[in-house]
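Here is a short tour of a protein model, meant to be read with the structure open beside it.

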Amino acid sequence: MEDEMLTDGRTLVELIESEGWEVTDLELTAYESPWADEDDPEASVTISARKPYAEENVDGENGASSDDDSPFKIG
């Protein structure tokens, strides 16, 4: 079961990364089923990932945004 859990974890990471996310943490937990009529062990997965989003108003090559149009700019 441990090998199968690790394989499933890798598969989940590959799927998330294929969508442009960077996985920063992965926790796999195996435990006995909490249901009395099920004897099979279960697992839970906790994944932390991050994905930067480009700003909508971008000037120049460095990706800095232009604050000239900002309604919050003072002065």
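## Overall layout

One helix and two strands make up the secondary structure of this protein, and the model you are looking at is a predicted one. Starting at the N terminus, the order of the elements is α-β-β.

Contacts between residues at least 6 apart in sequence give a view of the fold: 35% of them join residues at least 24 apart.

## Burial and surface

How much of the protein counts as buried? Of its 75 residues, 8% do.

Leu26 counts as partly exposed because its relative accessibility is 34%, which falls between the 20% limit for buried and the 50% limit for exposed.

## A link between the strands

The model has one salt bridge by the rule used here. Which residues form it? The partners are Arg50 and Glu22, and their closest N and O atoms are 3.1 Å apart. Glu22 sits in strand 1 and Arg50 in strand 2 (residues 41–50), so the pair ties together parts that are 28 residues apart in sequence.

Is Glu22 buried or partly exposed? With a relative accessible area of 41%, Glu22 is partly exposed.

Conventions:
Residues numbered from 1 in each chain as written. Predicted model: local features only at pLDDT ≥ 70, side-chain atom pairs only at ≥ 80, totals over all residues. Heavy atoms only, no water. Helix = DSSP H or I, 4+ residues; strand = E, 2+ residues; numbered from the N terminus. Buried < 20%, exposed > 50% of the residue type's maximum accessible area, 1.4 Å probe, protein only. Contact = heavy atoms within 4.5 Å. Salt bridge = Lys/Arg side-chain N within 4 Å of Asp/Glu carboxyl O.
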